[in-house]
Amino acid sequence: MQNPVLDKTIEFADNRISLFAAQYGRCAVTGADLMPYDIRCHHKVPLENGGTDEYGNLVLVTEAVHILIHATLGETIQKYLKELQLNKKQLEKLNKLRKLAGTPVIA
């Protein structure tokens, strides 16, 4: 609530707050505690691909995970994989989000 997103819908803002509570303030991929400056509310299906601001289409992740969801350059992918050190389960969660976003899965 202390970090409003002014250029989004009321539905987005409400669902973002609800997600924070539902995810216990943790990243959906890594499980890391989300700091106010590091929270990214990711659209599973992007708005430009017909996604919405509905609760079921949103997930909270860290900035690094959000970058990795959308990354297409090998250098960027390797940088954030090294930084995050994802285990198999976390990589599966990441790849689910990448697929929905229209980016290739990471092997």
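**Buried, exposed and in between**

Modeller: Asn-95 counts as buried, at 12% relative accessibility. Keep in mind that this is a predicted model.

Biologist: Why is Asn-95 called buried?

Modeller: The cut-off for buried is under 20% relative accessible area. Asn-95 has 12%, so it counts as buried. This residue sits in helix H4, and, leaving aside neighbours within four places in sequence, Asn-95 is in contact with Val-105 and Ile-106.

Biologist: Why is Tyr-24 called exposed?

Modeller: Exposed needs over 50%, and Tyr-24 has a relative accessible area of 71%, so the label holds. Tyr-24 lies in the loop between H1 and E1.

Biologist: What is the phi of Tyr-24?

Modeller: Near 55 degrees, which is a positive value in a residue other than glycine. Gln-85 also has a positive phi, about 50 degrees, although it is not a glycine. Gln-85 is in the loop between H3 and H4 and is exposed, because its relative accessible area is 58%.

Biologist: Ala-71 and Thr-72 follow each other. What makes Ala-71 buried and Thr-72 exposed?

Modeller: Ala-71 has 8% relative accessibility, so it counts as buried. Thr-72 has 60%, so it counts as exposed. Ala-71 is in the loop between H2 and H3, and Thr-72 is found in that loop too.

Biologist: Which residues does each one touch, leaving aside neighbours within four places in sequence?

Modeller: Ala-71 is in contact with Thr-76, Ile-77, Arg-98 and Thr-103. Thr-72 is in contact with Ile-77 and Thr-103.

Biologist: How do you know that Ala-71 and Arg-98 come together in space?

Modeller: They are 27 residues apart in sequence, yet their C-alpha atoms are 8.9 Å apart, and the two are listed as a contact, with heavy atoms within 4.5 Å. For Thr-72 and Pro-104, 32 residues apart along the chain, the C-alpha separation is 7.8 Å.

**The strands**

Biologist: Why is strand E1 described as largely enclosed by the rest of the structure?

Modeller: Of the 5 residues in E1 (residues 39–43), 4 are buried, so the strand is largely enclosed. For E2 the count is 5 of the 5, so E2 is largely enclosed as well.

Biologist: What makes E1 and E2 a pair?

Modeller: Pairing needs at least two bridges. E1 and E2 (residues 58–62) have 5, in the antiparallel sense, so they pass that cut-off. As one example, His-42 has Val-59 of E2 as its bridge partner.

Biologist: Which way do the residues of E2 point?

Modeller: Leu-58, Leu-60 and Thr-62 point one way, Val-59 and Val-61 the other way, and all are buried.

**Helix packing and the core**

Biologist: At what angle do H2 and H3 pack?

Modeller: Helix H2 (residues 63–70) and helix H3 (residues 74–84) pack at about 145 degrees, with their axes 9 Å apart. The crossing is left-handed. On the H2 side the contact is made by Ala-64, Val-65, Ile-67 and Leu-68, and on the H3 side by Thr-76, Ile-77, Tyr-80, Leu-81, Glu-83 and Leu-84. By class that gives 8 nonpolar, 1 polar and 1 charged residues.

Biologist: How many residues are in the largest nonpolar core?

Modeller: It has 24, and those with the most contacts inside it are Val-29, Val-61, Val-65, Leu-68, Ile-69 and Leu-94. The elements giving two or more residues to this core are H1, E1, E2, H2, H3 and H4.

Biologist: Which residues does Leu-68 touch beyond four places in sequence?

Modeller: Its contacts are Ile-77, Tyr-80, Leu-81, Leu-84, Leu-86, Leu-94, Arg-98 and Ile-106.

Notes: Residues are numbered from 1 along each chain as its sequence is written. This is a predicted model: local features need pLDDT of at least 70, side-chain atom pairs count only at pLDDT 80 or more; totals for chains, interfaces and linings use all residues. Side-chain values use heavy atoms; hydrogens and water are left out. Axes are lines fitted to C-alpha atoms, for helices over the stretch in contact, and angles run from 0 to 180 degrees between N-to-C directions. A crossing is left-handed if the near helix is turned anticlockwise from the far one by less than a right angle, and right-handed if clockwise. Ala, Val, Leu, Ile, Met, Phe, Trp, Tyr, Cys and Pro count as nonpolar, Asp, Glu, Lys and Arg as charged, and the others, Gly among them, as polar. Buried means under 20% relative accessible area, exposed over 50%, partly exposed in between (1.4 Å probe, protein chains only). A nonpolar core is a set of buried Ala, Val, Leu, Ile, Met, Phe, Trp, Tyr and Cys residues joined through side-chain atoms within 4.5 Å.
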